[in-house]
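Please look over the sequence and the structure shown here, and then read the briefing that follows, which goes through a handful of local features by topic.

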Amino acid sequence: MAARAKRAVIQLPSLPPELWDHIFELATHVPYTLVPEIFEKSIFIGPIYNREYHPKLRAALVTKRYLVRVCRQWWHIAIRHLYRAIYIGRARSLSSLCNTLEKYAAGKGTVAGAEPLGQWTQRLDVAVRDRSARPDMDAQHCANLVKRLPNLAIVSIRMLFAVAPLPLFGILNALRYSASSIRVLDWTPEPLSYQSSEIVELLWSLPRLHTLHCPQLRWGREYFPTSILSSLNTLSLTFGPRLEKNRLTEGDPEQTCINLRKVVLDSLRSIDVWEDFMSCYGTSITSVQILAFSSTLRLNQYLDMVKRLCPNLLQMTILADVFSWMSFVDSLLPPVEYLGLIARAFQGTRTAYRRLFSCLAILKDRVPTLRVIQFLDRHNVQCLLTRHSQVVLHALEHEFAGSDLTIVDHEGNLLSERLATV
């Protein structure tokens with residue numbers, strides 16, 4: 001029998017654990033995914049943010065798994081990096097991960113003497129894409145998993161169910177175990193599977209919540225817990241918060257400690273669902289994102305409301321299915337300094353882009369405060385530079401000639417400079 005070939009022994013450099021830890025951090029860090037960096041992207045929390053950063057988190061997770069398998073020393077150093085950000089993409093992973101955390105919490109893990117692994121977790125993404133035969137068990141496993149993560153700061157839950165909507169109260173209740181540390185909550189289970197009272201109860205118990213993205217929340221008899229506005233910076237709801245009548249007639253006695261600065265408005269609904277809330281708190285808002293996926297008319301109505309009720313606005317972002325829905329002729333843009341644009345349709349026609357730049361050219365005279373226009377989606381930028389570069393060049397040389405207005409791509413580079421390299 002042939003002798004088995006010997007593995008080559010690789011001698012690792014003898015470095016202090018602190019240096020290895022720093023190296024692992026540099027090798028696996030994903031910008032804008034942990035506190036406090038994520039706050040810079042707070043207004044995009046939800047599908048837009050997830051589309052960009054979930055693939056990066058998954059790639060980093062693969063690297064971390066390789067690191068902990070090198071040797072025992074690296075396991076003890078890298079394990080905190082592995083569990084710092086947990087990503088669940090399939091339902092079957094919920095039970096196995098939950099069992100692992102429970103074993104280490106009880107001191108019965110595979111590596112003897114290791115501390116509970118759940119203590120390292122700062123971020124949890126449950127983006128279950130498959131449809132399980134036992135969604136009730138998936139929800140229970142998810143709740144048990146959350147209970148093992150006492151230091152959660154960022155929570156993103158999106159679960160799909162093949163059967164009738166299930167109450168997810170167990171998961172909401174489990175989040176109370178880390179209530180004092182939660183800063184970002186992205187709650188989008190599908191279909192709608194909870195009552196407004198359940199999520200409102202949880203919100204009351206989150207004293208440090210910075211960002212709330214809960215698009216499916218429909219208000220019943222409950223009122224929006226305005227006490228969280230002392231910490232809440234970014235709010236994203238489809239239906240505007242329901243306020244108590246005394247706040248509308250007498251004003252909010254807590255106005256002196258309002259931290260709210262960013263709001264995401266979905267133009268799918270009438271402006272009536274936001275009118276009361278913006279009348280009360282619009283003066284605090286400095287950044288607004290409008291989801292214009294319905295019609296140009298609705299977009300104009302929201303622009304008018306924001307201009308009327310948000311006098312301190314500095315930044316505005318508009319998302320539409322296509323750029324042709326964006327028109328600033330009939331409804332003037334509020335006096336902002338920054339305008340960000342995204343179209344869900346990655347490709348656009350030459351006519352559509354010509355019309356867009358003509359509309360944007362109107363702003364350079366009518367909105368003298370405007371300094372920067374940014375195309376925020378890399379696919380939109382790629383389409384502009386590769387398929388419609390002549391349209392961009394003509395607009396910059398003629399419609400924006402002599403203007404102080406800066407037009408940049410998704411990374412902040414001047415479009416004029418990008419054109420020079422095409």
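In this predicted model, Asp266 stands opposite Leu291, a residue of strand 8. The two strands in question, strand 7 (residues 262-266) and strand 8 (residues 287-292), run parallel and are joined by five bridges. The points below begin with the sheet and then turn to one of its strands, a neighbouring loop residue, a helix, a loop and the cysteines.

**Strand 4 and its partners**

- Strand 4 (residues 184-187) has Val184 and Asp186 pointing one way and Leu185 and Trp187 pointing the other way, and all of these residues are buried.
- Strand 3 (residues 154-159) runs parallel to strand 4 and is joined to it by four bridges, with Ile157 having Trp187 in strand 4 as its bridge partner.
- Strand 5 (residues 211-213) also runs parallel to strand 4, to which three bridges join it, and here Val184 stands opposite Thr211 of strand 5.

**Arg183**

- Arg183 lies in the loop between helix 6 (169-174) and strand 4, and it counts as buried because its relative accessibility is 16%, where buried means under 20%.
- Leaving aside residues up to four places away in sequence, Arg183 touches Val35, Phe39, Ala153, Arg208, Leu209, His210 and Thr211.
- Although Arg183 and Leu206 are 23 residues apart along the chain, their C-alpha atoms are separated by 8.2 Å.

**Helix 1**

- Helix 1 has twelve residues and reaches 16 Å from its first C-alpha to its last, which is close to the 16 Å expected at 1.5 Å a residue.
- Which residues of helix 1 are buried, and why can they be placed on the same side? The buried residues are Trp20, Phe24 and Thr28, and they lie on the same side of helix 1 because they cover an arc of only 55° around the axis.
- On the other side of helix 1, Glu18 and Leu26 are exposed, whereas the buried residues have a cover that includes helix 2 and helix 3 (72-84).

**The loop between helix 1 and helix 2**

- Tyr32 has its place in the loop between helix 1 and helix 2, and its phi is near 65°, a positive value in a residue other than glycine.
- In general, most residues other than glycine have a negative phi, and most peptide bonds are trans.
- Tyr32 is partly exposed, with a relative accessible area of 25%.

**Cysteines**

- How many disulfides does the structure hold? The structure holds zero disulfides, a disulfide being, in general, a covalent bond between the sulfur atoms of two cysteines.
- Cys257 counts as partly exposed at 39% relative accessibility, while Cys359 is buried, with a relative accessible area of 5%.

Notes. Residues are numbered from 1 along each chain as its sequence is written. This is a predicted model: local features need pLDDT of at least 70, side-chain atom pairs count only at pLDDT 80 or more; totals for chains, interfaces and linings use all residues. Side-chain values use heavy atoms; hydrogens and water are left out. Buried means under 20% relative accessible area, exposed over 50%, partly exposed in between (1.4 Å probe, protein chains only). Two strands pair if DSSP finds at least two bridges between them. The expected span of a helix is 1.5 Å times one less than its number of residues. The arc is that of the directions from the helix axis to the C-beta atoms. Contact means heavy atoms within 4.5 Å. A disulfide is a pair of cysteine sulfur atoms within 2.5 Å.
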